[in-house]
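The following exercises concern how two parts of one chain meet. Please study the sequence and the structure, then work through each solution in order.

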Amino acid sequence: MQKLVVTQLSPNFREAVTLLQGSPVPLPGDGDLLVRNRFVGVNASDINFSAGRYNTSVKIPFDAGFEGIGEVVALGLTASAKYTIGQAVAYTTPGSFAEYTVVPAKIAIPVPSVKPEYLTLLISGTTAYISLKELGELSEGKKVLVTAAAGGTGQFAVQLAKKAKCHVIGTCSSAEKSVFLKSVGCDLPINYMTENVGAVLKREYPEGVDVVYESVGGEMFDLAVNALAIKGRLIIIGFISGYQTPTGLSPVKAGTLPGKLLKKSASVQGFFLNHYFSEYQKAMDHLLKMYESQELVCEVDLGDLSPEGKFTGLESVFRAVDYMYMGKNTGKIVVELPHSVNSKL
């Protein structure tokens, strides 16, 4: 089979990752499923993973990709108590950028069918749901600012804040994305390519915003801190503007931060999904129900508008990562893996 492997630690995905041909298809253990991947998700953090930032003791080579959806094609005896061949499952486990991935049955998520929309919920949807529920303290009338609002996870933060009867502001980088944001309930999209975000926030919300869902970092983080209301809360779910740098960080005005927070009794808190696995299953069940009952839009970007067209096959993961870092995607970037004709399974 083919798979993508990190062969050199680097935040430059093309430098770090190699497409291996003719890799042996792995065998599932007693409690495992072998999943033939049909769609895999691309995340901003894929380049943090390829740079070895999540586990400093990691040894190359190691498999890339975090999440996938496909059919069970083989399984261990214990796993067969709950799963059957041909069943559709989604999962979050390292090594999804491959034609086949071994997934422990206990972490697999049964889904009604192999649709890329389900994939959007695995990391992007649950990050928004759990962070806003645990840290956001959302209630009717609160003003919520979502940065990178038309991205993979931003789209869910917008919709969930709206469901909580909040007033939602979203930053984005194009007129098309503004239209998309309006369509999912965003009250005020701000296109930072044509508008001054700080000036708009000051003018429209002189008292500030109550909650910020922040994934950009750098200047956007500084603007968001300045826009906080009294007792405002800023949730850091990432800082994509820094991931491509050697340190992985985007500089912020940290020196003035304690004073600004004190003056407003405001707070800044980080959120990393791995620390909230106790809430994961409940969040996933809730989001799946919302999608099934058409209460949630799961926007998928398969690259149809990218220069070379749709993201198809593992070789297009490289293009998909570039597309994300150029800020071109609307919704979650997903790569389709067509069934290989020479597959023996």
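**Exercise 1.** How many residues of domain 1 are in contact with residues of domain 2?

*Solution.* The model is predicted: local features need pLDDT of at least 70, side-chain atom pairs count only at pLDDT 80 or more, and totals for chains, interfaces and linings use all residues. Residues are numbered from 1 along each chain as its sequence is written, and side-chain values use heavy atoms, with hydrogens and water left out.

Begin with the bounds, which come from an automatic or database domain assignment: domain 1 covers 3-114 + 299-336, and domain 2 covers 122-274. Next, take contact as heavy atoms within 4.5 Å. On this basis, 23 residues of domain 1 touch 18 residues of domain 2.

**Exercise 2.** What area is buried between domain 1 and domain 2?

*Solution.* Buried area is the accessible area (1.4 Å probe) that two parts lose on being put together, summed over both. For domain 1 and domain 2 the value is about 1,500 Å², and carbon and sulfur atoms give 59% of this area. In domain 1, the residues that lose the most area to domain 2 are Arg-53, Tyr-325 and Thr-330, together 28% of what that side buries.

**Exercise 3.** State the count of salt bridges between domain 1 and domain 2.

*Solution.* A salt bridge requires a side-chain nitrogen of Lys or Arg within 4 Å of a carboxyl oxygen of Asp or Glu. Applied to domain 1 and domain 2, this criterion gives a count of 0.
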